[in-house]
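Please keep the sequence and the 3D view at hand while reading.

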Amino acid sequence: MALSQRLFSAFIWLTVLSLLLVPISSAEANRLVRVGIYQNPPLLGYDQKNVAYGFFSDLLHEIAREQEWTLEFVPGSWDECLQRLGAGHIDLLPAIAYTPEREKLYRFTNETVLSNWGQVYSRPGSQIQSILDLDGKKVAVVRGDVHYQGPNGLNTLAEKFSLHIRFVAVAEYEEALQALANAEVDACLVNRLFLPAQDLATRVAKTPLVLNPVSVRIAFAPGGDPTLKEACDLQIARLKSNSQSVYYQIMARWLGGGEEYGVFVRLLPWLKVLLGALVVLVVITVLSRFQVRRGLREISQKNRQLEEEVAERRQAQQALARQTSFFEAALNSIPDGMVLCNTERQIIRCNPAMTGVFGFSADELLGKKTALFYARQDDFDAQGAQRFNPVAASQGQPYVVDYRRKDGTTFPGETLGTAVRSEQGEVLGYLGVMRDITVRQKAERALQWELRVNQSVAALGRLLLSSSSIEEISARVLEEAKNLTDSPYGFVGFIDPDSGNMVSPTMTRDVWEQCQVPDKKIVFHSFKGLWGWVLTAKQPILCNDPATDSRTTGIPGGHVPIDRFVGVPAVADGDLLGIIALANAARDYQEKDLELLERLAASYALAVKNMRAAQAVRESGERFRAIFEHANAGMNTIDIDGNYLQVNPAFCRFSGYAQDQFAKMTVEDLTFADDIAMTRKYFDEVRQGRRWHFDYQKRFVHRSGRLVWGQVTAAWIADAEGKPHYAVGLVQDITERKRAEARLQENEERLRHLAHHDSLTGLPNRVLFSDRLLHGMDRARRSGTQLALLFFDLDRFKEINDTHGHALGDQILQIVAERLKSLLRKADTVARFGGDEFIVLLEDIKDSLDVAPLAKRILAVLSEPLILVGKPFHITSSIGISLFPADGEDEALLVKKADDAMFLAKKMGRNRFMFSGPTLGATEMKR
């Protein structure tokens, strides 16, 4: 009676409290929200009367209507809005690109409102078609703009490509476009969605250059009310999830696209009162049932406690023995090194792979700190601060450092470390998995080297097509050669066909600036020393000790000492055309340096040959023919409709077709189907006069039917009327490079998959399941729904393993995994915890009673007979179920309660499921 009175009193007080909260909530909803606005149409802007307009203005009005807010718009420049937001003078600022740096200053919505890119504008008719064309140009940018100063912004790209761009900082996008229209700059950078004013639209033009994709969101003052951000996130997610919502109407109005949307029906305020009363009633009912059932359960458990204690202890010992045996077998079979250490980083256990990699025996490692693995003490200390700190942001992420073997040799290793926790969440130690990545890093360096070489060769090819002078080409060849070989000195020269002298236009820019030789010249009548031998013998030289080389004749007084030397002749069709020579790299020259110079020398030989042809017949076209016929790369000429006019032998080898077969072929005949649309786009832009050259990668269909990749560079020649007449194309074969990139990507994806999935069943492992459970709990808290964990194993599975062997047991586990996946929704997760243990995560549970039907289906499906090795096998399972948040809000606690409920189901006779916790009071259910 006393309990009933207390429950009735609690019901009355909770009902009164829920009624009082309704008007308070409504009062708080009617609030003033200060919004910063700046000129960024069509995303955001304001007119002469400071009235806001644009996509974000309409979107915020819709959110304010739903939240019953009053919006106050505060106009200003971009810099002023950012300052007001940081100082808390405004509550939020829309249309701002998200970056990790800005997240440290402001709070952002979790939801992305729009995606945007940076767009480069130039004046109509400009030749700016790629980022390389911005070299030496003046570009107007907005101060603090993410497309200018962000991680992938134009400033960063300019540094990566070694471009000399003169940036002119302004306050607004409109000011940048005005500077371009007034010819004060060569180009400007704005966001892709920004619309120029009408008077500027005809004086500026978009280029094909877009960069730095960003997420456009709403930002909030760092010390402001967090409910503003939560409300905006909730409303934006709701609007985006419905293709008929007003979000897409606003997008259609300002940006294009979207559909009309009907008016949402508002919920009645009194519904909150009814829901509150219903919650109180459910709580009272559950508490009453819980008190009665708990009393009955305690009486029953006390009667069975003595007889079950011995059986439980025996089962626990057997389970421990099985787990220990399984752990030993798993640890010894892992091919990667694995080490287990305590919180002091002392080694407790390691597998054979670990001792094999480092050369220590297991006895030599036990009790030692992992510092003996590190080549540098600094790395050991740094990784300890990052990886063994439970709250560190980098916890659980792989890292790479240099390790040291017992014999003192070092190697690069990649390690994935994770904390080992008790059921209560206490950190007991750390588990690390290490892999020797020497071969992988070598392959990556080789690929990077090949990419740099191909870029250099392609750049020289474009330079050849641009009809640059031999002086410019010589300087570019020398620059590329020095950069790729780390050489401080060098020269490039060509043979004058009339006198036979060697002429080096690069001497004045390079070697002679560092020398004190009195007779500094660029024309050499006689060939001496190592470089002279290269020209005389027409053979390359790689010499890392010139002082002992018999071909050395000494150097003139005042000359820079030569410590190392590599030189390659430029030869075409047996004719000596020039030389590339380098000296004094900080390291020994290698064969790859020689191969690089030979490739550059082939291009330089073409340049010299072009020069000679131009000198002989400037107007006859023989210069182009010489380049065309002797190029190592594929070349062709095509008309504006894509018909092949001429092809060179290298292009025939690349495509597999003979020259006479191209008479009736077009560019699209050789293009892979998926790349035809891109090719047509480039041709359309040429016809429209918006493009005069292009450089891109695409796939070709070889005559044999296989696909080959080509780096295509084409430059168009105008006719007498200034219209595109025909193009000269250069095609570099990059098939092997693409294959190497694909293999590297596949290896990385395979490693990521193995780190988070069970190797036998392909199901998520404990690590991935833990991550999904944490995210599921976050979503459930936001949406007010529940989660369910179904923890189970297979009854008497050990008997099958012992009788029929582990191979058949593995087949059964794989079949069980497939059956489980067929029962679940895409949003649910099933993971293997080890052995025959599985766990299922169900999300978006409205009522705990909805879990029982699935548990029944699992028991039914698993009990269906299996026919293996000609025999039927009958598998049953015992399932324990815990609920979030009813059974706890901690990951380990939820798993433990589900595990406890599973053991209780086994004790009750197996082939059944049990609920745990106060929600249903360990309810027993049979299949």
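## The surroundings of strand S30

How many bridges join S28 to S30, and do these strands run parallel or antiparallel? In this predicted model, S28 and S30 are joined by seven bridges and run antiparallel, and within this pairing Asp-793 is found opposite Glu-837 of S30. Strand S30, which spans residues 837–845, has eight of its nine residues buried, so the rest of the structure largely encloses it.

Strand S29, made of residues 829–834, is also paired with S30, here through five bridges and again in an antiparallel manner, with Thr-829 standing opposite Leu-841 of S30. The hairpin formed by S29 and S30 has two residues between its strands, and in this hairpin Gly-835 takes a positive phi near 60°.

Most residues other than glycine have a negative phi. With a relative accessibility of 43%, Asp-844 counts as partly exposed.

Which residues of helix H26 are buried? In this helix, which covers residues 797–804, they are Phe-797, Ile-800 and Asn-801. These residues lie on the same side of H26, because the arc they cover around the axis is only 95°. An α-helix has 3.6 residues a turn, so residues three or four places apart point the same way.

The buried residues of H26 pack against strand S28, residues 786–794, and against helix H27. On the face turned away from this buried side, H26 carries the exposed residues Asp-802 and Thr-803. Just after the helix comes Gly-805, which takes a positive phi of about 100°.

## Helices H27 and H28

Two packed helices are described by the angle between their axes and the distance between the axes. For helix H27, residues 806–823, and helix H28, residues 851–862, the axes come within 10 Å and cross at roughly 145°, and the crossing in which H27 passes H28 is right-handed.

On the H27 side, the residues that take part in the meeting are Val-816, Arg-819, Leu-820 and Leu-823, and on the H28 side they are Leu-854, Arg-857, Ile-858, Val-861 and Leu-862. Sorted by class, the contact of H27 with H28 has seven nonpolar residues and two charged ones, with no polar residues.

## An open sheet of five strands

Elsewhere in the model, five strands form an open sheet with antiparallel pairing, in the order S13-S12-S16-S15-S14. Strand S13, residues 347–350, and strand S14, residues 399–404, stand at the edges with a single partner strand each, so one side of each is left without a neighbour in the sheet. From one strand to the next, the twist averages 35°.

The partner of S13 is strand S12, residues 337–342, and these two antiparallel strands are joined by three bridges. One of the residues involved is Cys-341, whose bridge partner in S13 is Ile-347.

## Backbone details in the loops

Which values of omega go with the cis peptide bonds described here? The bond from Pro-41 to Pro-42 is cis, with omega near 5°, and Pro-42 lies in the loop between strand S1, residues 31–37, and strand S2, residues 45–46. The bond from Phe-884 to Pro-885 is likewise cis, with omega near 5°, and Pro-885 is found in the loop between strand S33, residues 877–884, and helix H29, residues 891–907.

Asn-584, a residue other than glycine, has a positive phi near 65°, and its place is in the loop between strand S22, residues 575–583, and helix H19, residues 591–616. At 12% relative accessibility, Asn-584 counts as buried, because that value is under 20%.

## The chain as a whole

The protein chain contains 29 helices and 35 strands, and buried residues make up 44% of its 927 residues. Among the contacts in the chain with a separation of 6 or more, 61% are between residues 24 or more positions apart.

Key
Residues numbered from 1 in each chain as written. Predicted model: local features only at pLDDT ≥ 70, side-chain atom pairs only at ≥ 80, totals over all residues. Heavy atoms only, no water. Pairing = 2+ DSSP bridges. Helix = DSSP H or I, 4+ residues; strand = E, 2+ residues; numbered from the N terminus. Axes fitted to C-alpha atoms, helices over the stretch in contact; angles between N-to-C directions. Left-handed = near helix turned anticlockwise from the far one by under 90°. Contact = heavy atoms within 4.5 Å. Nonpolar A, V, L, I, M, F, W, Y, C, P; charged D, E, K, R; others polar. Buried < 20%, exposed > 50% of the residue type's maximum accessible area, 1.4 Å probe, protein only. Arc of directions from axis to C-beta.
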